[in-house]
Amino acid sequence: MLKKAWFRFGLSRALGDLGIPSNTVPSQLRQAVIDLGLSEGFNPREAALIIYFRTPAMRLLEVQKAQATIADWQISQAVRQGYFGRAVRQEFALPEGSGVRESLFQDS
């Protein structure tokens, strides 16, 4: 349980690094990504990339910041290349839909 709480915290922080407020991620998707990350051994940054690549650019608050952050993560090897490729290709069985809600007031 503690591991899941730390993963959730790390995911929220990584989403913030990408300019994605965690409260904009549908709870069903967030929970599915946390479960997937824990079962497949992702780190929170790798899990955040799954949500990032499901999100249309027009819904991202800071696209350039996110792209710079991803480049930094790759250079520092904070994300493993194999997991990065899987996140780009969206090779995961997850709930349908975007990585973020259109509105903070939309029901998740």
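So, which residues make a nonpolar surface patch of about 400 Å²? They are Leu2, Trp6 and Phe9. Before I go on: this is a predicted model, where local features need pLDDT of at least 70, side-chain atom pairs count only at pLDDT 80 or more, and totals for chains, interfaces and linings use all residues. Residues are numbered from 1 along each chain as its sequence is written, and side-chain values use heavy atoms, with hydrogens and water left out.

A patch here takes residues with over 30% relative accessible area and no salt bridge (a Lys or Arg side-chain nitrogen within 4 Å of an Asp or Glu carboxyl oxygen). Like charges are joined within 9 Å, and nonpolar side chains (Val, Leu, Ile, Met, Phe, Trp, Tyr) within 5 Å. Areas are Shrake-Rupley with a 1.4 Å probe, and for residues only the protein chains shown count as cover.

Leu2 sits in helix α1, residues 2-17; helices are DSSP runs of H or I, at least four residues, numbered from the N terminus. Leu2 counts as exposed because its relative accessibility is 61%; the cut-offs are under 20% for buried, over 50% for exposed, and partly exposed in between.

Leaving out residues up to four places away in sequence, Arg8 touches Gln31 and Ile34, contact meaning heavy atoms within 4.5 Å. The C-alpha atoms of Arg8 and Gln31 are 8.8 Å apart.

Now Leu94. Beyond four places in sequence, its contacts are Leu29, Ala32, Val33, Leu36, Ile50 and Arg54.

That's my tour, thanks.

Key: Helix = DSSP H or I, 4+ residues; strand = E, 2+ residues; numbered from the N terminus. Buried < 20%, exposed > 50% of the residue type's maximum accessible area, 1.4 Å probe, protein only.
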